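Dear colleague,

I am handing over the structure below, together with an account of what was found in it. Please read the notes with the model open beside you.

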Amino acid sequence: MPEDKRYIVAKLLYNNETCYCNLPDSEVHRGDLTIIETENGPEIAFVSGIGSLIPEDTELKKILRQRSDEDRRRQHENEKREQEAFEITLEKIKKHGLEMKLVSVHYFLDDQKIIFNFTADGRVDFRELVKDLASVFKKRIELRQIGARDEAKIVNGCGVCGRDFCCSAIKHELQPVTIKMAKDQNLTLNSSKISGACGRLLCCLAYEHEAYCEFKRNYIEEGSSLVFEDKKVTLCEINILKRVATLRSADNITFSVPIDRLPQIPPREESCDESAKEDAVVGEN
């Protein structure tokens, strides 16, 4: 990739999906509302920045124009129609007796299609519902079953940290998060402490995991024995943030020492996340 190649990073307003676009001919700034060409036609997107690095195999989109007064008028009109459609769809779901939760309804900007996002515990036969909705709205209808994390991404909200959900604010794509990541960071395995509003493991568990693994490769595994000051002890825990290690002597006395006083070993080739195969992965959408 040429060093001077720059890309626009933007988020679609209706589902917080991150898009990467080529620089347009006209000037674009962070915070601008633009119209982006998508597979479903033109859509409104918020420009969140300009960068030179993009994920591999990313399909670049095209910025068509800045949002115009006409685009704004149509956007507000569609938002009102979406609220009405949401209530109608709830009634239709109840009428057909379907076990599904409606998350959002979106009219695309060109008014050619409506998408209905929903969650459900299992597969849902919504064929009759689609026919019913098509007869009411007289447009192309798409019902899309999404997962709990995708629901949080669309609905948005604040996490326990007080900031916007990672999935809607800063994440390009949802990645797997495992219980092993929490273990490697010596976090409590209480699900209420390490789960987000979506009920899945916190996205932020993955942020510093690699750094924890890289640091711990320099020392023996927690639970292993070592000789410290001519005494055989057990390494109970390495607290990277406090930079202290907790040791337990043979007579069951626990004490803490600075990490720098522990003997280092050659880095292990196996990374922490490679040994996470046996743990449940809860990063699915």
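**Cysteines**

C198 counts as partly exposed, because its relative accessibility is 24%, where partly exposed lies between buried, under 20% relative accessible area, and exposed, over 50%, with a 1.4 Å probe and protein chains only. Before going further, please note that this is a predicted model, in which local features need pLDDT of at least 70 and side-chain atom pairs count only at pLDDT 80 or more, whereas totals for chains, interfaces and linings use all residues. Residues are numbered from 1 along each chain as its sequence is written, and side-chain values use heavy atoms, with hydrogens and water left out.

The closest cysteine sulfur to that of C198 is in C203, at 6.5 Å, which is too far for a bond. C167, by contrast, counts as buried, with 6% relative accessibility, and its sulfur has its closest cysteine sulfur in C203 too, at 5.6 Å, again too far for a bond. The structure holds 0 disulfides, a disulfide being a pair of cysteine sulfur atoms within 2.5 Å.

Helices (H or I, at least four residues) and strands (E, at least two) are DSSP runs, numbered from the N terminus, and two strands pair if DSSP finds at least two bridges between them. An open sheet with antiparallel pairing is formed by 5 strands in the order 2-1-4-3-5. Its edge strands are strand 2 (18-22) and strand 5 (62-66), each of which pairs on one side only. On average, and with direction ignored, neighbouring strands of this sheet are turned by 45° against each other. Strand 1 (residues 7-12) pairs with strand 2 in the antiparallel sense over 5 bridges, and V9 stands opposite Y20 in strand 2.

**The helix pair**

Helix 1 (residues 69-96) packs with helix 2 (residues 127-137) at an angle of about 145°, their axes being 10 Å apart. Axes are lines fitted to C-alpha atoms, for helices over the stretch in contact, and angles run from 0 to 180 degrees between N-to-C directions. Residues of helix 1 including A85, I88 and K92 meet residues of helix 2, among them L129, L133 and F137, with contact meaning heavy atoms within 4.5 Å.

Strand 9 (residues 225-228) and strand 10 (residues 231-239) are joined in the antiparallel sense over 4 bridges, and L226 stands opposite V233 in strand 10. These two strands form a hairpin with 2 residues between them, and E229 in the turn has a positive phi of about 50°. Strand 10 runs antiparallel to strand 11 (residues 244-249) and is joined to strand 11 by 6 bridges, with L235 opposite L247 in strand 11. Strand 10 and strand 11 also form a hairpin, this one with 4 residues between the strands, and R243 in the turn has a positive phi of about 55°.

With kind regards
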